[in-house]
Amino acid sequence: MEIDFLQYQVRNGDTLTSIASRLGMTGEELKLFHNSHCQKMDKVWFENLNQVKHIFVPTDFKTKEQKEQERKNTLPNQLSDSFFAKTYTVNETFENSFESSVNINYIIELTLRKNKNTGQHILNYLQKGFKSNGDTSDDKVSSLSIACMQSIMPLEFILNEQGKITGFENHKRITDTFSKQRKELEEFYIGEVSQHYMDTFERSINDEMFLLKQFQSTLLFQTLFPRIDWFQKKTKWKESFYFVQNSFPVPCEITIEQENIEEDSVSTILNGKIIELCTPQEIMRGIQLQESASEPASGTIVLEYTTHIKNKNLLQAKASVLLGHEEEFIHQHHINITQG
């Protein structure tokens with residue numbers, strides 16, 4: 001067992017303050033430290049150390065400021081090329097009170113680089129290996145939906161210094177890619193329904209802001225691309241999240257917890273609670289009314305990040321969204337993103 005204190009022999013003229021000052025402590029801090037390590041009869045209460053023979057002193061005392069700095073040093077403080085792993089496996093579960101739960105799995109591949117000319121971070125994003133409830137989808141519409149999305153992969157996003165996605169690196173490349181790939185899709189997916197879906201998909205990706213929101217409002221993107229300054233916060237703050245894709249962001253009050261879960265990793269947990277007076281129906285439909293709701297929604301979002309202490313790499317990210325009304329849940333969404 002590692003011993004983090006020594007027994008100091010008190011000399012004539014020593015006081016709590018004089019000993020403590022040599023250790024970089026206050027007299028009060030030394031008194032508390034000694035009393036937490038000594039026998040009950042050996043506790044000290046006064047500045048004067050008359051009749052006191054020994055004082056327990058720490059071998060590696062750290063002030064509150066030093067401890068806070070150490071905490072910050074173990075957490076990401078800026079976006080870097082090494083923050084993301086190359087590959088993550090993703091598991092998502094959707095539940096609501098009206099339908100059976102749905103579980104989906106897929107793989108994402110990421111590459112982050114910095115544009116030397118603009119200084120912007122460019123994220124190369126690829127999603128593949130989609131499975132629903134453990135099986136590759138054989139439903140024609142679902143299969144076409146996946147095929148259309150796969151046809152424009154990989155996507156390149158612009159990230160700011162805090163890690164927030166702000167736009168596409170080249171939106172025209174996305175629309176041009178689909179136009180070229182559509183001919184191949186039409187050879188396999190024939191019929192009026194398929195044509196109508198591809199027309200709708202093409203219109204949606206042509207609208208750059210709509211397409212960007214489709215990604216930004218997913219729980220995947222909100223979880224996988226956290227603001228880097230979240231890791232450095234200590235007190236509660238307000239942050240807006242999408243509880244449902246393509247809805248509107250709902251203001252939440254956020255509290256934070258951090259703890260070392262292993263010697264080489266640290267866990268950061270954000271707990272959010274809805275503070276906006278809006279109804280569950282508004283959130284689910286994505287239409288926010290001007291009047292304050294008389295029966296507002298209750299909702300929580302929990303995001304948990306595990307990062308490597310030395311290289312600040314994101315090892316794992318989890319999130320859970322719960323939307324309810326009068327103690328009855330309406331919508332639940334869980335996601336687990338694991339490196340490798």
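Predicted model: local features only at pLDDT ≥ 70, side-chain atom pairs only at ≥ 80, totals over all residues.
Residues are numbered from 1 along each chain as its sequence is written, and side-chain values use heavy atoms, with hydrogens and water left out. Local features need pLDDT of at least 70 and side-chain atom pairs count only at pLDDT 80 or more, while totals for chains, interfaces and linings use all residues.

Helices here are DSSP runs (H or I, at least four residues), numbered from the N terminus. Their axes are lines fitted to C-alpha atoms over the stretch in contact, with angles from 0 to 180 degrees between N-to-C directions.

| Helix pair | Axes come within | Crossing angle |
|---|---|---|
| H1 (residues 16–23) and H2 (residues 27–37) | 8 Å | roughly 95° |
| H4 (residues 140–151) and H6 (residues 192–206) | 11 Å | roughly 35° |

In contact terms (heavy atoms within 4.5 Å), Leu16, Thr17, Ile19, Ala20 and Leu23 of H1 meet Gly27, Leu30 and Lys31 of H2.

Over at H4 and H6, which cross at roughly 35°, Lys140, Leu144, Ser145, Cys148 and Met149 of H4 touch Ser194, Tyr197, Met198 and Phe201 of H6.

Now for the cavity: a set of points on a 1 Å grid over the protein atoms alone, where a 1.4 Å probe fits but cannot get out. The count comes to one cavity of 30 Å³ or more. The largest cavity holds about 40 Å³, a volume being the space filled by probe spheres set on the points, which are joined across faces, edges and corners. Its lining residues (an atom within 4 Å of a point) are Asp81, Phe84, Ala85, Lys86, Leu110, Thr111 and Leu112.

Notes. 1 Å grid on protein atoms, 1.4 Å probe; cavity = no way out; pocket = protein on both sides within 12 Å on 5 of 7 lines; lining within 4 Å. Helix = DSSP H or I, 4+ residues; strand = E, 2+ residues; numbered from the N terminus.
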